[in-house]
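Student: I am new to this structure and would like to go through it slowly with you. Could we look at it together and then take up one topic at a time?

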Amino acid sequence: MTQLLLFNVTNGLIIGAFYVLMALGLSLIINLSGVINFAHGGFLVIGGYLAYALTPALGFWGALLVAPLLTAVIGLVVERLLIRRLYGRDPLYSLLLTFGLAFMIEDGTRFIWGAQGLPVTVPDFLNQPLSASLFFITGYRLFMVAVVAVAVAALFLLLRYTRVGIRIRAGTLDLETVSTLGVNVGRLRSLNFAAGIFLAGLSGVLAGGQLGLDPTMGAGLLMPSFIAIIVGGVGSLPGTLVGGLLIGVAAGVTAVFFPSASDAVMYVLMAVVLLLRPRGLMGEEGLMT
Amino acid sequence: MNAGGRTNRLVLAAIWVVLLAAPFWLNLVGGYTALGSRVLVLGLAAMSLNFLLGFTGVLSFGHAAWFGLGAYGAGLALKFVALSTPLAMLLGTLTGGIAGALLGALIVHRRGIYFAMVTIAFGQVFYYIAYRWNSLTGGDDGLRGFSRQPLAFGPMRVDILNNSTLFYYFVLVCFAVAVGIMALLLRSPFGRTMLAIRENERRARFLGIPIELHIWIAFALSCVFISFSGTLYALLNNFADPNNLYYSLSGDLVIMAVMGGMRVFWGPLLGAAVFVVLQDYVSSLTTNWMSFIGLLFVLVVLFFPRGLLGMLRQRRVA
């Protein structure tokens with residue numbers, strides 16, 4: 001029983017780390033641009049498939065680095081061409097546009113790579129289990145958590161200490177003032193969007209190595225990311241971090257006792273949070289509500 | 001003003017003539033009666049959503065949940081409770097309406113993006129329930145084993161089961177009743193208050209209007225209407241499946257409303273007609289219809305954000 005519980009808690013943490021990576025990217029874009037990027041799952045899929053296509057040429061490590069960057073470039077183009085026109089308009093429109101993009105990306109990947117699942121080949125040593133008693137923790141899972149931890153730490157450090165990061169945080173609170181202080185808000189938003197999409201691409205590569213790729217994987221991961229953001233509090237990146245880990249663990253623990261409800265438990269968690277603390281665990285009152 | 005009133009009455013008459021005559025002209029232009037019924041049902045669903053979206057200005061992106069609850073409610077009632085079409089519609093409408101009212105109470109204090117995200121996420125709860133609860137809902141295969149029942153008015157029986165034209169008229173009557181109530185509500189002081197909230201929430205609040213209460217009532221009413229249309233959808237197909245609850249249907253309903261014109265009462269019906277016909281046509285041509293629907297979303301947002309009727313109206317004013 002302890003073994004089983006431990007297994008599921010670890011599992012939940014790993015899945016949670018994954019939600020965190022995805023949700024942080026979404027959260028960045030929501031906070032600065034007020035765009036709910038429904039195509040975020042689509043960019044995750046693009047990242048994964050790019051890694052699949054690049055692995056033969058660059059190897060796993062090269063793909064891990066290059067695929068998210070390429071995804072971010074694609075994201076940048078999409079932002080410049082389409083999403084930028086919708087800033088300042090009713091959020092309904094950006095929601096609908098990215099919704100349509102998500103359809104097109106899913107269908108496009110199916111068209112190019114087919115509907116069957118494809119693997120991202122991971123170096124052999126990462127596939128070894130850690131030890132006989134901890135058989136369920138493969139090296140790859142630890143590696144995933146490590147990459148997520150590094151990415152999250154890097155993101156928070158960048159936002160805390162660099163000039164661009166400080167501008168992004170300031171823009172989240174009051175974009176107008178930031179603009180009057182002479183910051184090029186358009187460029188700031190593009191950069192911020194690309195950073196969010198980079199995280200989505202990175203999630204895609206990592207997910208591909210663990211679960212394999214299929215065109216619908218992004219849509220399935222989108223909902224937990226939304227819930228992570230709502231539970232943590234819209235507008236708060238640390239909140240998103242906590243929210244993601246929390247729903248991951250909650251789903252993992254539920255899987256021990258009541259497997260068929262493991263999908264539903266995060267919704268219950270969200271309802272409880274909204275009932276007791278509507279702004280979310282770490283959300284600020286009045287911001288984005 | 002007088003001339004405008006007359007035009008409106010003419011347009012209204014034209015709409016009803018077209019709808020009443022649909023079984024006769026649909027076949028001539030290559031359609032079929034069930035397609036007409038589908039347009040009416042989804043049109044009613046989009047209009048119900050627009051009651052909230054276009055006239056109260058509240059962005060709900062999870063309305064498929066209430067639509068699907070209506071469909072499952074009606075299906076389950078026919079299968080397990082009694083073989084009665086009206087009873088199934090009543091129970092289905094209550095299922096979605098009550099669930100929507102309860103959830104609405106939880107979220108009316110949220111606005112904008114936050115509201116949209118919460119409605120999307122909560123909508124998925126019912127999808128997972130329908131997907132997982134195999135013994136009751138049939139899971140991924142959908143709910144089968146029920147069919148709409150002929151109507152009985154005393155000794156007279158109307159066989160809406162086997163005669164698709166009669167069923168079309170049955171749907172049209174239901175549609176007319178629902179849409180009529182909606183129009184009356186929008187003309188009432190309550191409806192005017194909804195518009196006031198849409199136009200300027202802060203000012204409405206300063207006038208002493210209880211905003212949250214009004215938004216909650218509008219949300220609940222919208223859920224009741226859309227569940228009602230969901231029950232019709234189950235009767236149309238004699239089938240309900242988890243996709244009736246899935247968030248992509250919510251997106252489809254929103255795009256119908258936007259494409260037709262959110263600010264115009266009849267807009268969503270036109271949007272639904274265009275969407276349903278296009279989907280029917282494109283999916284018969286290519287397996288990549290998802291890309292076309294996605295492209296439609298993008299094009300509508302970029303080039304027709306006011307919708308077809310919204311643009312017409314603007315031109316008339318200008």
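Student: What radius of gyration does chain A have, beside the value for a compact globule?

Tutor: In this predicted model, local features need a pLDDT of at least 70 and side-chain atom pairs count only at pLDDT 80 or more, while totals for chains, interfaces and linings use all residues. Residues are numbered from 1 along each chain as its sequence is written, and chains are lettered from A and ligands numbered from 1 in the order in which they are written. The radius of gyration is taken over C-alpha atoms, and the globule rule is 2.2 Å times the number of residues to the power 0.38. For 289 residues a compact globule would be near 19 Å, and chain A agrees, having 19 Å.

Student: Is Val152(A) buried, exposed or partly exposed?

Tutor: Val152(A) lies in helix α4 (residues 139-161) of chain A, and, not counting residues up to four places away in sequence, it touches Val20(A), Leu24(A) and Leu241(A), where contact means C-beta atoms, placed from the backbone, within 7 Å. Leu24(A) is 128 residues from Val152(A) along the chain, yet their C-alpha atoms are separated by 8.3 Å. A residue is buried if 20 or more other C-beta atoms lie within 10 Å of its own, exposed if 12 or fewer, and partly exposed in between, with C-beta atoms placed from the backbone. Because Val152(A) has 19 other C-beta atoms within 10 Å, it is partly exposed.

Student: And how does Ser260(A) count, as buried or exposed?

Tutor: Ser260(A) has its place in the loop between α9 (237-257) and α10 of chain A. Because Ser260(A) has 12 C-beta neighbours inside 10 Å, it counts as exposed.

Student: Turning to the other chain, what radius of gyration does chain B have?

Tutor: Chain B has 14 helices and two strands, and its mean pLDDT is 87, with 97% of its residues reaching 70 or more. Its C-alpha atoms fill a box of roughly 55 × 50 × 45 Å, taken along the principal axes. With 318 residues, a compact globule would be near 20 Å, and chain B agrees with that, at 19 Å.

Student: How far apart are the end C-alpha atoms of helix α3 of chain B?

Tutor: In α3(B), 15 of its 18 residues are buried, and the helix is mostly covered. The expected span of a helix is 1.5 Å times one less than its number of residues. The 18 residues of helix α3 (residues 64-81) of chain B should therefore span 26 Å, and this agrees with the distance between the end C-alpha atoms, 24 Å.

Student: Which element gives the most to the side of chain A that touches chain B?

Tutor: The contact takes 37 residues from chain A and 36 residues from chain B. On the side of chain A that touches chain B, the elements that give two or more residues are α3 (91-113), α8 (217-232) and α10 (265-276) of chain A. The element that gives the most, with 15 residues, is α3(A).

Student: Which residues touch the most other members of the largest nonpolar core?

Tutor: A nonpolar core is a set of buried Ala, Val, Leu, Ile, Met, Phe, Trp, Tyr and Cys residues joined through C-beta atoms within 7 Å. Leaving aside neighbours within four places in sequence, Met117(B) is in contact with Ile36(A), Phe226(A), Ile229(A) and Ile230(A). Of the 186 residues in the largest nonpolar core, those touching the most other members are Ile227(A), Met117(B) and Ala121(B).

Definitions and conventions. pLDDT is the predictor's confidence in each residue, from 0 to 100. Helices (H or I, at least four residues) and strands (E, at least two) are DSSP runs, numbered from the N terminus. Two residues are in contact if their C-beta atoms, placed from the backbone, lie within 7 Å.
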